[in-house]
Amino acid sequence: MNVSAYCNNGSIYNTFANCTNITSANVSVAQNNTGGIYNMFVGCTNLTTANIFVTGGTVGELFSNCPNFTSINITLNGGAISRTFVNCKNLQTVNINIGHRISTPNLFYGCSSLTSTQNIILNSGWNYFCSTNHMFANCTNLKDVSNIQITNISNAINMFENCTNLENFFDISIGGTYWASNMFRNCSNLTNFNNVSIYGINIYDNMFRDCKSLKSVSGLTMCQERVTRTYSMSNIFVNCTNLTDLQSFSFCWDFSGNNIFTPFGYYNDVLAGTVQ
């Protein structure tokens, strides 16, 4: 199936929604910056592969709830994409070309067959993402996250929430982000970090909450130049019942007189590690 569309000063909704016999698609979409393409293939339950080229505008929920969707090649030159692959439970490989910085909330939400970020080929690199909230939330079989470098993203809240099989998190640098609340919440199999730096973030509350298997944060550096709200650092490690190794954990937070926070629940006196 080949589709070519142009959207000028308006939006297109549900073009092929619930067309259950479509199995593949080649789509070229050109939009001005006020246009939008939404739910184009939502509910196409037999769609398995697609090649997409998008210029300008916004793309939303393009393939959401396509349970047999396995692979995608997508080129984006402008605009934003959101909830593009929500609940594509068989999606395993993604090849993305991005022409400029782009917002990608909920991009892989609920993609339960995605096992590694190594299966996501980003020809332009991770640094083209400017918002990653809920990006991998509920990817319940995601086990390995590595080699990600992102700076100056506005929002990383709940980025890996409920990735209950996530075990390995290494060679990561995420910084310049305002919000990172609940980033790893309920990653119940996450045990340790290796060469991970999360810095320049303003609000970290509940960041590792309910990571019950987390044993060591010795490979993790968290740095904040200035905390502006009293709840910014609250409850970071609540219910991390196996956490024992804090010896190399580096805090470098400047509270500027505003140090009312509870990183381990409600008691500051259990705080350990290196405090600068």
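These are my notebook entries on a predicted model of a protein chain.

**Ground rules.** I number residues from 1 along each chain as its sequence is written, and side-chain values use heavy atoms, with hydrogens and water left out. Since I'm working from a prediction, local features need pLDDT of at least 70 and side-chain atom pairs count only at 80 or more, while totals for chains, interfaces and linings use all residues.

**Confidence.** I looked up pLDDT, the predictor's confidence in each residue, from 0 to 100. The chain's mean is 76, and 76% of its residues reach 70 or more. Where pLDDT is low, the predicted coordinates should not be read in detail.

**Strand β5.** Strands here are DSSP runs of E, at least two residues, numbered from the N terminus. I followed β5 over residues 49-55, and its side chains alternate. A50, I52 and V54 point to one face and are buried (under 20% relative accessible area, 1.4 Å probe, protein chains only). Next I checked pairing, which takes at least two DSSP bridges between two strands. β5 pairs with β7 (residues 71-77) in the parallel sense over seven bridges, and T49 has S71 as its bridge partner.

**N133.** I found N133 in the loop between β12 and β13. N133 counts as buried because its relative accessibility is 12%. Leaving aside neighbours within four places in sequence, N133 is in contact with P105, N106, N155, A156 and I157.

Definitions and conventions:
Buried < 20%, exposed > 50% of the residue type's maximum accessible area, 1.4 Å probe, protein only. Helix = DSSP H or I, 4+ residues; strand = E, 2+ residues; numbered from the N terminus. Contact = heavy atoms within 4.5 Å.
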